[in-house]
Amino acid sequence: MSGLARFFKISRVLMRYRLDSLILSTPLLKNLKPLVYLIPWHYFPVKKYTRGERIRLALEELGPIYIKFGQTLSTRPDLLPADISLELKKLQDSCPPFATNKAKDIIEHSLGGKIESLFKTFDDQPLASASIAQVHTATTLDGEAVVVKVVRPDIESLIRGDIKLMRSLAKLMNRHPLAYKIRPIEVVEEFEAIINDELDMRIEARHCDKLRHNFSDSDLLYVPKVHHQLSNINVLTTERIYGTPIGEIDTLKANNIDMKRLAEEGVVIFFTQVFKHNFFHADMHPGNIFVSESGQYIGVDFGIMGTLSETDKDFLADIFLAFFNQDYQKVAQVYIDSGWVGAHTDEQAFESAVQKICAPMFDKPLGEISFGQVLLDLIQEAKNFDIQVQPQLLLLDKTLLNIEGLGRQLYPELDLWSTAKPFLEDLMKERYSVKNTFEKLKEQAPELLKEIPELPALTINALKQLGKMKDMGKLQAQQTQKIVEQLQDNANKQTSAIFSGSLLILGGVLVVNQLWVAGAISATVAMIFWLKSR
C-alpha cells in the first residue's frame, strides 16, 4: 500500500507541474495524451514555468531522494537537453530538518553510547539539513569543536522503494527506440550506486582521509580531520571548520582577500587533484567550499569523488593539445582513437560537427574561452553519434565547469590556460618519460620477443612517425610552444628508449643462442640509444 500511495503522490506532483503533458508528449506515450483531460489536477496547475523549472520544482516537492536524483542527472549533460540540465544544476541540497531526538537516537545506537558520554556538548539545533543527512555542531570530551553528520532515519527503505519504482519506469522506457540515447536503466543504476555510497559515512570518511593526506604538505586546501572513534556507517564526525562561503564575494573582498590569487589557486587545486593525485572532489559547488581568514580554501562534503585512468588522462591531454593547436580534425580523431566510437559512426560527419563547435572558439583569445563549456559542447555533440561518453569524464567536466565559473566570478580576467599549462606539461613529461617507457617495455617484453623478426620494419615506421612529429607546424598560440617542444623532446627520448630496449632484448636472445659477437654489438648499440634517451 505504501508503494501505491507513493505512486499516487508522484502522479499528483507530476500533474500539478504539468509534467504529465510533457511525459505524454513523448513518442512512447503520445497516444495516451487525451487521458490528461480526465484528471482533475490538470485544471489546477501552478503558474507557468519553463519545462526545466517545472521539472526542478517537482523534484524539490517530491523530497530528498528526488532532489538527489536531479543532482545526479545534472552531472550527465550528455543525456539531457541543455535547458533542463541547466535548471537541475540549481537544485539546492537543503531540506526540512528531522527531529533532533531521532538524530540523537541514531548517534547513540550507531556509536554504542549516550550522547552525554560521547560528547561534552551537543547542539539540538541543526547547523544544516540536506537530502541525505543533517549536521549538528558538538564538542568532543577533549573540548574540540566538531560537526556530526547524521544520515536521515528510514532513508534506506525510502530509497529502495523509490529506486524500485524508478527501475520499473526505466524498463518501460527502455522498450522505446530512443532509449539507446537516454539509457534510462543505466541512469537509474548510476544513481543507485552514487546514493548508496553517500549513505555510507565510512566511505566519505575514507575519501576525507585520502584528500587530507594528498594536501597534507600543501597550503592550497585544508581538509577537516575525521574523528573515527565518533563515526560509523550512518554517523560522521569531523573537525569543525570556520570560514566564509566562497559564494559570498562581497564578504571576501571586505576581508581583503586577494581575489586573483584565490581564483587561480582554485584552478590549481582542481588540476592538482585531477592530474597529480588522480582523485578529485566531484561535487565542488559553492556550498562545499569555504575560505579561511588567511585566504586558504577549505573543503567539505566528500561523498562524491572521481578518478581517472591513464587512458582518460591521455584523452584529456590530447583534447586540450588539439584544441590549443586549433586542429579540429585532431579533436575528432582523439574521440575516434579513444575506442568509444561505435562501428556505425560517420567519422566525417562527426569531424564536421566538431569543426562547427571549435571554429567559432578559435577566433577568441585563450583567456576568453571556457574549456569546460568546450568539453560540454563536445559531449553534447557526441551523443548525436554512436559514441559512448564515459561517466567519469562527465563528472570531471561538471567539476571543471563549476571551478571555471567560480574562478571567473571571483576574478573575471582569469585565464584558465595559463594556470593549466604546467599540469599539461607535466602530464606530457610523464607520458613520454624514460621510466614510463621501460615500465611499458617490461610489461610488453613477451610480445616484443615475438615481434623481433619485424624489428627492421617497425624501426622504419617509428622513424617515419618521428619525422612527422618534427614536421609539426608551429602552434598559432605562442604560449603553447613550450608544450610542443617538450612533446618533441620526450618523443625523441622515447624512440631512443624503445630502440634501446628492443636491441637489449635482441642481444639477450642472441647470447642465449651463443651468438656472442652479434649479442655484444646489439648490447653496445642498445647502450648508445639508452644514453641518447637520458
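This is a predicted model: local features need pLDDT of at least 70, side-chain atom pairs count only at pLDDT 80 or more; totals for chains, interfaces and linings use all residues.
**Stop 1**

Select residues 133-140, which make up strand S3. Eight of its eight residues are buried. Show the side chains and look along the strand: Ala133, Val135, Thr137 and Thr139 point one way, while Gln134, His136, Ala138 and Thr140 point the other way. This is a pattern to remember: in a regular strand the side chains alternate between the two faces of the sheet.

Find His136 and look across to its bridge partner in S4, Val148.

Next, colour residues 119-122, strand S1, which runs antiparallel to S3 and is joined to S3 by three bridges. Phe119 in this pairing has Thr140 as its bridge partner. Finally, pick residues 128-129, strand S2, which pairs with S3 through two bridges, again antiparallel. Ser129 stands opposite Gln134, and a hairpin of three residues links S2 to S3.

**Stop 1: an open sheet with a helix on it**

Move on to a sheet of four strands, ordered S5-S10-S9-S7, with mixed pairing. At its edges are S5 (221-222) and S7 (244-245); each has a single partner strand, so one side of each is left without a neighbour in the sheet. Now select helix H13, residues 259-277, which packs on this sheet and touches S5, S9 and S10. The direction of H13 makes about 45° with that of S10.

Zoom in on S9 (residues 289-291) and S10 (residues 297-299), an antiparallel pair with three bridges. Ile289 faces Gly299 there.

**Stop 2: the nonpolar cores**

Which residues touch the most other members of the largest nonpolar core? Select Ile246 and Leu410, two of the 104 residues in that core. Beyond its close sequence neighbours, within four places, Ile246 contacts several residues, including Leu262, Ile289, Tyr297 and Leu410. A second, separate core has 15 residues, among them Ala103, Phe119, Val146 and Val150.

**Stop 3: two crossing helices**

End with helix H3 (residues 51-62) and helix H4 (residues 64-73), whose axes come within 5 Å and cross at roughly 140°. Show Leu59, Glu60 and Leu62 in H3, which meet Tyr66, Ile67 and Gly70 in H4. This contact comprises four nonpolar residues, one polar and one charged.

Terms used. Residues are numbered from 1 along each chain as its sequence is written. Side-chain values use heavy atoms; hydrogens and water are left out. Two strands pair if DSSP finds at least two bridges between them. Contact means heavy atoms within 4.5 Å. Axes are lines fitted to C-alpha atoms, for helices over the stretch in contact, and angles run from 0 to 180 degrees between N-to-C directions. Ala, Val, Leu, Ile, Met, Phe, Trp, Tyr, Cys and Pro count as nonpolar, Asp, Glu, Lys and Arg as charged, and the others, Gly among them, as polar. A nonpolar core is a set of buried Ala, Val, Leu, Ile, Met, Phe, Trp, Tyr and Cys residues joined through side-chain atoms within 4.5 Å. Buried means under 20% relative accessible area, exposed over 50%, partly exposed in between (1.4 Å probe, protein chains only).
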